Amino acid sequence: MKRIIKEVAVLGSGVMGSRIAAHFANIGCKVFLLDIVPKDLTEAEQKKGLTLNDKQVRNRIASENLKNVLNAKPSPIYHASFASRIVTGNFDDDLNQLKNVDWIIEAVVENLEIKKIVFDKVEKFRKPGSLITTNTSGIPVHLMIEGRSEDFQQNFCGSHFFNPPRYLQLLEVIPTPMTKPEVVDFLMQYGSLYLGKTTVLCKDTPAFIANRIGVFSMMAVFKLMKEMKLSVKEIDTLTGPLTGKPKSATFRTCDVVGIDTLVKVANNVYKDCPDDEMGELFSIPDYVNILVEKNWLGDKTGQGFYKKVKNAEGGKEILELDIATLEYKPSEKPKFASVTAAKPIENLNDRLKALHAAKDKAGEFLRMLSFHIFSYASHRVPEIADEIYKIDDAMRAGFGWDLGPFETWDVLGVEKMVKLMEDANLQSANWVKEMLTKGFKSFYKIENGKKKYFDQNTSSYKEIPGKDNFIILENYRAGKPVWQNVGATLHDIGDGVVNLEFQTKMNSIGSEILEGINKSIEIAEKDFAGLVIGNNGQNFSAGANLAMMFMLAAEQEYDEIDLAVRTFQNSTMRIRYSSIPVVAAPHALALGGGCEVCLHADKVQASAETYIGLVEVGVGIIPAGGGSKEMALRASDSYEDGTLEFPELQKRFMNIAQAKVSTSAYEAFDMDIFKNGRDEITVNPNKVIMDAKQAILAIAAKGYSQPIQRNDIKVLGREGLATLLLGAYSYRMANYISDHDRKIAEKLAYVMCGGDLSQGSMVSEQYLLNLEREAFLSLIGEKKTLERIQSILTTGKPLRN
C-alpha cells in the first residue's frame, strides 16, 4: 500500500501537540488540531454575549493554545503564511474529520486511561488503514492497543517527537508486536525524508532511548556534583559547548524542560526498571525533591536552578542555586586551569582528550561522568537497542550532543577508558570486553567513505542503514582530499562532483577559504562536472574574518584591505562566472560573506533551518563581497520590462540597512536572497549536500553554459538617492539610528543607486563592485566602526554607537 500523507489530525493542543501540528504544516500538510470543549465561558466571552454552543467558544482551547505557540520565540513555523494550513476544532464536533485524514497523532495528557478514552472515540471515525500514533514519552506503547480492532493495532505505533519538534531532530519510532512492518518502514522513511528527522527505531522500554540515557546522565551529574562539591555554574560550564553539549548544559536544560518533568521520568525509570544495575541513581536527591515541593520548577515558575532578578541598578541579574543551603547567590565565573587551557582548542576531539587528561577537579568530574555514561550505555545494549548507533543517533538528535556515548568513548580510547573505569569501580558491559579481547579496538570505523558500527552479535563491523541519501564529510576525511589548505578541504563526493568544505572558526571567510574557492573552481573546471560549497559544521559561515579586518584597519593598512576586498569580490564573481555549475548548500548561520557566497551560486540548496542575511551594517560597514551589488542587480531584475520601481530597491536596501536575517530558508525567498523557481529547500539537514550534488548533476545533464557578466543593471541615480537619504535623515531625527548608522545608510544608498548619476542609467556589475568597495574602504577606518568590530570580537555583541 502506497501511503501519501496529505491530511493529519493532532489530538491534543498542548505545547507539544500544537508544535507537532505546526511542523506538519511546515512541510505542506493540512492539519486538524483538536482538543476538548471548554466547560465554562471566560469573562471576555461573556462580555461578547457568546454561549457554550458558539463554535468560537467550543474551539477556544485548541485555538488559544495554537495562537500562544505561534507567538512563541523561536517560532515553531517556517513562514507565517503556513499557519493557515492548521484548522482548529474540538473532540465533540470535529472527530468526523478523521475519516479523511491519513495520519492521526495522539498528544493528550500522559495518562493511559485518558488516552484509551480518546482511542475509543477515534475508532468510531478513522478510516481503515490510516496511521495512528501516540506521542507518549514514556507510557508503554503496547498497553494502548488493548481492546482495539485488528486494523487499529496493525497501523498503530509510538511516534515520540522531541520538544520543540521544529528544532530537535529526533523522532523515536516505537512499534508494538502487532504493528505491521511496512508501517514501521514508512514512519522511519517519512520521518527522515519529509519531517527532516533522525528517526530511531526503539524498543518499547521505559523512557525509550534518548530519555533513558539523557536523564541518567543528569542524575549522574546530580550525584557527582554533591560528592565533589561543585556549583551549578561550574557544572554548566563543564557540560555545555566546552564538551560538545548544548549551551543550556545541564541545569539550564532542567529549568527549560521543567524540573518536575525530569523528576517524573526519573521516577518512572526507577519504578519500572527494577533490574537496572544503576537504578539507584534514578532516586531523586533530597535537594531536587525540595525544589519540587517549593514549586521551584524552572522557567515556568520563575525559578529553579537559576533565578532572574533585578539588581540595584535596575538591570537583570542571573542568580544560581546553592544546593547546600537552597539559597540563591550571584553566579561566579568558574576557574579551572584545565578549562582555560582547553578553550582555545578548536577541535572537539582534541579538546575532550585534554579535558579528560586534566588533573584538576574539572578533569576528575568529567572522567567520572564519562565513566558512568559509558558503563550505563554499554549495559543498555541490547535492552533498549540492539545496535550502538541508535543510542548515539538518539543522543545527538534528541539532546543535542555533538557526539554520542560510544562516539565519545572512541575519541578517548575504548581500551584505555575500560581500564580507568575498572580502577574507579565502574564496569563496562561484557560485550565491550569481549570486543576488545577479539581485537576490535573501536566502536566505529570509516571504510570507503561509509561509517560502520561494531555489531556485538556477529563481532563484525556493519554499515549503518538508512544513510545512503546522506553525505557526511567526516566520512571522507580518512581518504585523500582532492585539495586542501589550513582552512578548506576539497572532497570528491562521487559522480564527478566535488565539495568544498570550510574548516575555519565559525567557518569565517578569510584568505584560506577564498583560496579554496578559486582553487576548487579551477580544479572542477578541468576534471569535474560541478562544485558544491557546503559543510557539516555548526554553521555554514558566520561571515568574513573580522579579526583580520580589524587588525589591518587598526594598523591603517588600507592597501591590504583594498586587496582583500578585491579578492573577495573576484572570488564571488568567479563562483558566478565559472564554466561549471556551482551550488551552495547553506545551513544554520549564513551571514555576511557566507550570504554573498550563496548569492553568487548558480543554485542554492538550503537546509530549512538556514538563517541568512547581509548583516555588515551591524558592524559599521556595508556588504562588499558583491552583496550590495547583487541586491541592486536583483532590484533591477524585479520587473520584466526593464523598468526599476523605487519600492523594489527600497525593500532590498532596508533588508541590508536593518541587517535583517531570515528565521528560516523560506523567509529568505521573501528577502530575494533565494530565488523562486531556482533555489530549493531540504528539510533534513543531513541530506542537504546530497541534494546539492543531485542538483549539480541535473544542471550538468541539461548542458551548462558559462554566463556573461552583466552590463544592463538599471540604477536610479539621484532620483532614488534623494529619497533614501531623506529616509536616513528622518530615522536619525527620530532617534531610531545613530549618526554613524546614518552615515552607513548614506554610503549604502549611494552604492545601490549607482552613485551620483543625474538620471536612471544602465551600469555594469564591475561598476557597482567598485562603488561598494570604495564605500567599504571609507567606513572600515572610522573610529565608530572599529569600536563596533572590537565589541563583536570581545563580547559577541554589536555596540550601538
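The second largest pocket of this predicted model holds about 500 Å³ of space. Its lining counts 22 residues, and those closest to the centre are M188, S192, T199, P465 and G466. The top contributor is α7, with 5 residues. By class, the lining splits into 8 nonpolar, 7 polar and 7 charged residues.

Now turn to the backbone. Most peptide bonds are trans, and most residues other than glycine have a negative phi. Several places in this model depart from that pattern, as the next residues show.

Start with the cis bonds. One runs from K73 to P74, with omega near 0 degrees. P74 sits in the loop between α4 (60-70) and β3 (86-90). Another cis bond joins V381 to P382, and its omega is near 10 degrees. P382 belongs to the loop that links α15 (361-379) to α16.

Next come the positive phi values. A207 is not a glycine, yet its phi is about 65 degrees. This residue lies in the loop between β8 and α8 (210-228). D495 is found in the loop between β16 (488-492) and β17 (497-502).

Are A207 and D495 buried or exposed? A207 has a relative accessible area of 6%, so it counts as buried. D495 has 56%, so it counts as exposed.

Key: Residues numbered from 1 in each chain as written. Predicted model: local features only at pLDDT ≥ 70, side-chain atom pairs only at ≥ 80, totals over all residues. Heavy atoms only, no water. 1 Å grid on protein atoms, 1.4 Å probe; cavity = no way out; pocket = protein on both sides within 12 Å on 5 of 7 lines; lining within 4 Å. Points joined across faces, edges and corners; volume = space filled by probe spheres on them. Helix = DSSP H or I, 4+ residues; strand = E, 2+ residues; numbered from the N terminus. Nonpolar A, V, L, I, M, F, W, Y, C, P; charged D, E, K, R; others polar. Buried < 20%, exposed > 50% of the residue type's maximum accessible area, 1.4 Å probe, protein only.
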